[in-house]
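Here are my notes on the side-chain contacts, written to be read with the model open. Could you go through them point by point?

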Amino acid sequence: MSDLARHIDTLSRANVLCLGDVMLDRFVYGSVERVSPEAPIPVLRIERELPKLGGAGNVAANLVALDAACRFVSVVGGDGVGGDLLALLKREGVSDGASIIVEAGRQTTVKTRFIAGQQQLLRTDVETVAPITVAGRVLEQVRRDLPEVGGVILSDYGKGVLTDELVAQVIAAANAAGKPVVVDPKGRDYRRYRGADIVTPNRKELMEATGLPARTDAEVVTAARNLIETCGIGAVVATRSEQGLSVVTRDGVVHLPAEAREVFDVSGAGDTVVATLAAALAVGVGLADAARLANLAAGIVVGKVGTAVVRTAELLSALHEQEWRHGEEKVATRDEAAERAERWRLRGKRVGFTNGCFDLLHPGHISLLKQARAACDVLVVGLNSDESVKRLKGDSRPVQNETARATVLASLGCVDLVVIFGEDTPETLIRALRPDTLVKGADYTVATVVGAEFVMGYGGKVVLAELVQGQSTTNTIKRLKG
């Protein structure tokens with residue numbers, strides 16, 4: 001595991017060229033309270049919309065989340081959706097748009113999902129599924145970027161960007177430059193990927209491409225080696241859902257069991273696997289260890305909602321390192337906490353939030369936390385960082401550093417998640433989490449609670465917890481000093 005941790009640290013040095021079909025995933029969330037009088041269908045009252053990068057865009061987003069550099073090459077139409085995609089790519093730090101080719105007359109792919117609570121009601125697709133007419137310009141862009149990268153991903157969603165001729169030319173150019181090529185394949189004929197170092201089919205795709213069964217370990221190996229021999233591919237990394245992941249080469253096999261994590265949404269897991277695998281290979285990690293990292297990342301992303309990414313901090317956390325080993329899963333970054341809060345809400349749980357310095361935990365703190373937990377289903381605690389406490393309390397504080405304070409809080413049964421924040425107030429964190437319930441001590445009024453107006457603005461509530469008289473960290477420190 002320590003070797004994997006060192007490999008994770010090297011991912012920030014990776015530079016990967018990703019080429020494939022980009023699309024826009026739109027998630028439309030709302031509530032259903034009635035049936036339409038016009039037809040026996042539910043009426044969705046739309047509350048918010050969330051755009052996300054889909055297809056090859058999600059692969060590129062996963063590379064960026066791993067702190068790797070990404071040269072993203074794709075094609076969009078000259079339409080409004082294409083413009084939205086270009087803006088989203090820039091906002092997510094994936095591409096400034098210079099390597100995205102615009103094809104006039106092409107309809108940019110957009111998939112819209114309408115969701116009420118935990119239930120997806122409908123998905124609509126708008127797209128052009130036809131070979132691109134700008135393959136020459138795409139190849140020119142790839143050849144410009146190829147000398148600067150350590151590996152290449154071909155993310156094939158079958159929308160037309162990866163034409164047979166373009167795939168052959170890109171693989172040949174990468175082979176000549178000594179760059180490993182990882183393919184997330186589509187279709188039944190993998191001969192079009194001849195010369196690629198690795199293909200990453202799931203179990204169903206492996207069976208469709210070979211016409212062979214792929215249920216047991218032995219069957220997967222037989223099917224994978226059939227692809228290797230008949231299609232001229234270097235290796236197969238087969239994702240097998242609850243059975244994990246298998247790495248098959250001409251003369252070796254490694255079967256990796258699935259990570260024991262809760263599965264909430266498998267969409268995009270293949271994107272995470274190919275991104276992690278390629279990033280690791282690009283910095284010289286061996287295939288077996290690169291696959292272990294990819295398997296670990298897949299185990300994390302299937303516990304997230306919708307098309308999602310995995311960050312290096314999450315990979316390190318999943319390895320259970322050092323003093324965070326016991327309580328680390330309950331200590332998260334702001335972005336990780338926001339994703340987990342969204343997942344909880346989709347399961348119908350009320351998310352609560354409170355915050356403080358929690359320096360030298362005392363009965364007053366425990367009372368506040370228990371009251372906060374009683375007012376919700378899951379409780380997130382915002383914890384002031386050491387520098388933040390110093391600004392608020394003076395140079396002599398905190399008595400315990402933020403690692404110690406977070407570890408103590410994470411060990412409490414009434415606390416579900418701890419997030420350290422560096423600002424003087426938790427306003428930014430509250431806006432990211434969007435808690436259903438905001439809890440502070442009764443020495444505040446609703447008007448003076450930071451974030452109260454924001455929370456109440458979308459229907460959340462503010463709870464003022466009763467205080468335990470005579471309990472404070474300042475008083476405890478004074479008593480200790482005599």
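**Notes on side-chain contacts**

1. Let me begin with C414: this cysteine is buried at a relative accessible area of 15%, where buried means under 20%, exposed over 50% and partly exposed in between (1.4 Å probe, protein chains only). Keep in mind that this is a predicted model, where local features need pLDDT of at least 70 and side-chain atom pairs count only at pLDDT 80 or more, while totals for chains, interfaces and linings use all residues. Residues are numbered from 1 along each chain as its sequence is written, and side-chain values use heavy atoms, with hydrogens and water left out.

2. How many disulfides are there? The count is zero, taking a disulfide as a pair of cysteine sulfur atoms within 2.5 Å. C414 is in no disulfide, as the nearest cysteine sulfur, in C376, is 9.8 Å away. For C18 the closest cysteine sulfur belongs to C70, and at 5.4 Å that is too far for a bond. C18 is also buried, with 0% relative accessibility.

3. On to the rings, where three aromatic pairs turn up. The rule takes rings of Phe, Tyr and Trp (its six-membered ring) with centres within 6.5 Å; planes under 30 degrees apart are stacked, over 60 edge-to-face, and the rest tilted. F27 and Y29 make a stacked pair, 6.5 Å centre to centre with 15 degrees between the planes. F27 is buried at 6% relative accessibility, and Y29 is buried at 9%. Y190 and Y193 pair edge-to-face, at 5.7 Å and 70 degrees, and both are buried.

4. Y29 has a second contact worth a look: the charged end of R48 sits over its ring, 4.5 Å from the centre. That calls for NZ of Lys or CZ of Arg within 6 Å of the ring centre and within 35 degrees of the ring normal. R434 lies over the face of Y458 at 4.4 Å from the ring centre.

5. R48 also belongs to a salt-bridge network with E342 and R345. A salt bridge here is a side-chain nitrogen of Lys or Arg within 4 Å of a carboxyl oxygen of Asp or Glu. The whole structure has 23 of them.

6. Which parts does the R26–D84 bridge tie together? R26 and D84 have their closest N and O atoms 2.8 Å apart. R26 is in strand β2 (residues 22-35) and D84 in helix α3 (residues 80-91), so the bridge joins parts 58 residues apart in sequence. Helices (H or I, at least four residues) and strands (E, at least two) are DSSP runs, numbered from the N terminus. R26 is partly exposed at 24%, and D84 is partly exposed at 37%.

7. D217 and R240 form another bridge, also with closest N and O atoms 2.8 Å apart. D217 lies in helix α7 (residues 217-231), and R240 in the loop between β11 (235-239) and β12 (245-248), so parts 23 residues apart in sequence are tied together. D217 is partly exposed at 38%, whereas R240 is buried at 2%.

8. R431 and E427 bridge at 3.0 Å between the closest N and O atoms. Both lie in helix α15 (residues 427-433), four residues apart, about one turn of the helix. R431 is partly exposed at 46% relative accessibility, and E427 is partly exposed at 25%.
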